[in-house]
Amino acid sequence: MTPAAHKQVGELMEAYFEGLHQADSAMLREVFHPQLAYVCATEDDELYLDLETYMSRVDRREPPTKRGDPREEEILEIAFAGDRLARVSARMTMMGRDFHDLLTLVRYGAEWRIVAKVFSYVPRKD
């Protein structure tokens, strides 16, 4: 894939991480597709939400930044399956949990958007 596409996805991921860290639903709406599928695959905490339900949860959340949590994240892999489909594997720590996200991205107009967020987590061990 082109360097420009990699750059765009990297910028999307930066906004994704910052939006989660700030618990900023307006920022997150800019990275998620309107038809988002949000799936928690953690055993005993399976959850399936749409965008509006997820954003209302984000709005009720105490932002990790306000809690004094440092930003800890890493993009593990970016894979493109053509010029309209990509996958990102990422990890991040917040709210006392280590998360592993598998994100599916599609082109939405001229931008990349996350159309599926499937993740699991484990309690942080520190």
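Are Phe99 and Phe119 buried or exposed? Both residues are buried in this predicted model.

Strands of a sheet pair through backbone hydrogen bonds, either parallel or antiparallel. Here, 6 strands form an open sheet with mixed pairing. Their order is E2-E1-E6-E5-E4-E3. Strand E2 (47-49) and strand E3 (72-80) are the edge strands, and each pairs on one side only. From one strand to the next, the twist averages 15 degrees.

Look at E1 and E2. Strand E1 (residues 32-40) runs antiparallel to E2, and 3 bridges join them. Val39 has Tyr48 in E2 as its bridge partner. Helix H3 (residues 51-60) packs on the sheet. Helix H3 touches E1, E2 and strand E6 (111-123), and its direction makes about 75 degrees with that of E1.

## The aromatic rings

The whole structure holds 8 aromatic pairs. One of them is Phe99 with Phe119, a tilted pair. Their centres lie 5.9 Å apart, with 50 degrees between the planes. The pair links distant parts of the chain: Phe99 is in strand E5 (residues 97-108), Phe119 is in strand E6, and they are 20 residues apart.

Ring pairs also build a cluster. Its members are Tyr16, Phe17, Phe32, Tyr38, Tyr54, Phe99, Phe119 and Tyr121.

## Charges over rings

Which ring does the charged end of Arg97 sit over? That ring belongs to Tyr121, and the charged end is 4.0 Å from its centre. Lys117 places its charged end over the ring of Phe119, 5.3 Å from the centre.

How values were computed. Residues are numbered from 1 along each chain as its sequence is written. This is a predicted model: local features need pLDDT of at least 70, side-chain atom pairs count only at pLDDT 80 or more; totals for chains, interfaces and linings use all residues. Side-chain values use heavy atoms; hydrogens and water are left out. Two strands pair if DSSP finds at least two bridges between them. Helices (H or I, at least four residues) and strands (E, at least two) are DSSP runs, numbered from the N terminus. Axes are lines fitted to C-alpha atoms, for helices over the stretch in contact, and angles run from 0 to 180 degrees between N-to-C directions. Contact means heavy atoms within 4.5 Å. Rings of Phe, Tyr and Trp (its six-membered ring) pair if their centres lie within 6.5 Å; planes under 30 degrees apart count as stacked, over 60 as edge-to-face and the rest as tilted. Buried means under 20% relative accessible area, exposed over 50%, partly exposed in between (1.4 Å probe, protein chains only). A charge sits over a ring if NZ of Lys or CZ of Arg is within 6 Å of the ring centre and within 35 degrees of the ring normal.
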